[in-house]
Amino acid sequence: SPFAQERGGNNSFTHEALTLKYKLDNQFELVFVVGFQKILTLTYVDKLIDDVHKEFRDKYRNEFQQKGTLGLLNGTFDFKDDFMRLLRDAEESSKVRAPMVMKTFEQSLKSQKTVKCMIETRGEKPKEKVKNKKNKGSKKEGAEAGTAPGKASAGDKQPSGDREELTKDEILQKNREEFFRRHMKAGEKSSKSPKPEAQKEKGKKPRVWDLENSNAKVLDYSNSATNGSTEACPVEEFDPDAALGDRNREPGRLYDLEYESDEEAEEEKVVQNPSKPSVKKGGLGGMFGMLKGLVGSKSLTREDMDPVLEKMKDHLIAKNVAAEIAVQLCESVAKKLEGKVMGTFTTVTSTVKQALQEALVQILQPQRRVDVLRDVMDAQRHRRPYVVTFCGVNGVGKSTNLAKISFWLIENGFSVLIAACDTFRAGAVEQLRTHTRRLNALHPPESHGGRTMVQLYEKGYGKDAAGIAMEAIAYARNQGFDVVLVDTAGRMQDNAPLMTALAKLIAVNTPDLVLFVGEALVGNEAVDQLVKFNKALADHSMAQTPRLIDGIVLTKFDTIDDKVGAAISMTYITSKPIVFVGTGQTYCDLRSLNAKAVVAALMKA
């Protein structure tokens with residue numbers, strides 16, 4: 001429900017053919033919901049829900065004071081007659097407002113004008129405009145007098161009597177001639193030597209671009225006849241410490257993100273100085289330290305929360321949360337707390353902060369959790385490979401994190417086939433081939449009973465990606481591979497042809513998991529990328545229920561310090577979990593998301 005997912009900022013919810021509008025009453029912990037068909041345009045719904053809320057609350061309060069909680073729960077509460085009366089009133093009020101009718105020409109002011117008043121006489125025309133032009137001319141003359149006091153303007157040479165005798169049109173003409181005379185002199189100076197420019201143009205030769213791909217075969221170093229055989233990926237000698245990093249880790253384990261919180265130190269500071277509000281700028285001192293004083297059994301109002309929420313919104317945006325998401329989060333917290341009775345020794349700031357933290361943790365823990373290892377074992381029982389497709393914009397780290405996930409799967413005992421479906425970017429196939437060689441060196445067949453744990457399936461460049469993926473899945477099924485990881489070309493979310501090709505690849509091959517790879521460095525762009533990727537997959541898919549993004553791989557997490565807002569933006573906009581987090585350059589630098597650690601970093605000063 002929208003309440004469980006902390007999306008209370010939006011007061012409507014659409015499900016199939018129905019639209020639900022709701023309103024919260026936090027004082028009595030009530031929810032008022034109105035349901036109606038989506039195709040209907042009912043103008044009185046907002047008024048109806050407000051009236052029902054107000055009358056029901058007043059009646060509820062009276063009953064509560066008279067009978068108490070147990071009496072209210074055990075007794076009957078009849079509101080049907082009141083509701084029908086309010087519904088009739090709301091319907092009648094909407095009928096009273098007749099639609100606006102367009103005025104006829106006779107009713108307009110234009111019809112009252114005569115033809116005579118529209119005729120413009122030459123001498124009488126620009127009364128106001130001439131004044132304005134005179135003022136502009138006087139300003140220019142004043143400026144010239146200020147810069148060159150020794151020179152007098154041409155108009156000043158004439159006596160004042162002659163100027164008064166001139167008509168307005170003659171004055172305008174003289175001013176124009178004087179203006180052109182001044183600017184013609186400046187133009188002659190700048191255009192004295194145009195010959196060198198002409199000579200330069202003659203000497204320039206047009207550049208010829210080779211668009212025929214004549215060198216494509218020379219640049220293609222891939223061998224299309226290998227089809228993932230280990231002959232193309234010989235074992236490579238290299239330092240395993242450089243590829244693995246921490247040698248003391250537990251093989252095959254996906255560690256959680258770690259983050260040290262400074263909350264305890266902050267709470268100690270607040271306890272030491274309860275009477276003095278902190279005015280430290282740029283941190284929690286400025287954001288959360290503005291204590292509003294001790295409040296005893298008081299209902300929270302929007303006016304109480306607005307200053308704190310405004311600071312929270314700015315803090316979230318500074319931590320890389322998309323601005324639109326930050327506004328919706330604060331709106332959701334405000335609706336959740338409005339009317340709630342506070343404790344005796346509780347401040348507005350601490351109450352709002354606690355509610356925001358709970359909302360952020362709830363967002364980072366979506367209802368559907370992706371368990372890759374469990375799903376791979378389930379696919380094994382059905383004797384088929386588990387297929388994962390990676391997609392995303394250019395340069396976010398799809399191939400690098402695909403190699404990290406391959407290493408993690410191999411350490412858990414699963415064999416991996418990498419499908420090189422990025423047939424566009426130069427060096428994409430060679431990059432995956434290098435990763436395959438290194439992974440085979442770390443996990444040679446001798447360590448796994450003679451079984452090759454990772455192979456590369458590639459067909460070179462310029463081929464159809466959907467066709468290569470289909471062939472790779474068939475090859476994996478025949479050879480008994482457990483997992484197929486499909487690498488795709490990076491593409492911008494606005495590129496319609498490339499998005500169509502991606503939708504085709506997903507629709508044709510029906511992967512078990514579609515992962516969107518996004519970097520933790522983005523801010524507002526995260527929302528745009530995910531919304532448009534999902535929309536493109538839905539628009540370009542031929543299926544009635546199109547496949548959308550199932551999960552997120554958040555990369556470059558080691559580069560952002562505590563600016564972790566992209567994690568919030570991505571999960572909020574898609575309601576999909578962050579399955580993997582990339583935190584470095586070695587194969588072991590792969591983590592699972594720890595919601596509490598991310599929220600602690602987000603709330604840090």
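**View 1. Phe533 and its partner Phe516, an edge-to-face pair.** Phe533 is buried, with a relative accessible area of 0% (buried means under 20%, with a 1.4 Å probe and protein chains only). Phe516 counts as buried too, at 0% relative accessibility. Their ring centres are 5.2 Å apart and the planes stand at 70°, so the pair is edge-to-face (rings pair if their centres lie within 6.5 Å, and planes over 60 degrees apart count as edge-to-face). Phe516 lies in strand β8 (residues 513-519) and Phe533 in helix α21 (residues 525-539), so the pair ties together parts 17 residues apart in sequence. Please note that this is a predicted model, where local features need pLDDT of at least 70 and side-chain atom pairs count only at pLDDT 80 or more, while totals for chains, interfaces and linings use all residues. Residues are numbered from 1 along each chain as its sequence is written, and side-chain values use heavy atoms, leaving out hydrogens and water.

**View 2. Trp408 and Phe580, another of the aromatic pairs.** A search of the whole structure finds 6 such pairs. Here the centres are 5.3 Å apart, with 70° between the planes. Trp408 belongs to helix α17 (residues 398-411) and Phe580 to strand β10 (residues 578-582), so this pair ties together parts that are 172 residues apart in sequence. Trp408 counts as buried at 9% relative accessibility, and Phe580 does at 2%.

**View 3. Helix α14 meets helix α22.** Residues 323-337 (α14) and 565-574 (α22) pack at about 70°, with axes 10 Å apart. The two helices are therefore roughly perpendicular (65 to 115 degrees). Ile325, Gln328 and Leu329 of α14 touch Ile568, Ser569, Tyr572 and Ile573 of α22 (contact means heavy atoms within 4.5 Å).

Note on methods: Axes fitted to C-alpha atoms, helices over the stretch in contact; angles between N-to-C directions. Helix = DSSP H or I, 4+ residues; strand = E, 2+ residues; numbered from the N terminus. Parallel < 35°, antiparallel > 145°, perpendicular 65-115°, else oblique. Phe/Tyr/Trp six-rings, centres within 6.5 Å; stacked < 30°, edge-to-face > 60°. Buried < 20%, exposed > 50% of the residue type's maximum accessible area, 1.4 Å probe, protein only.
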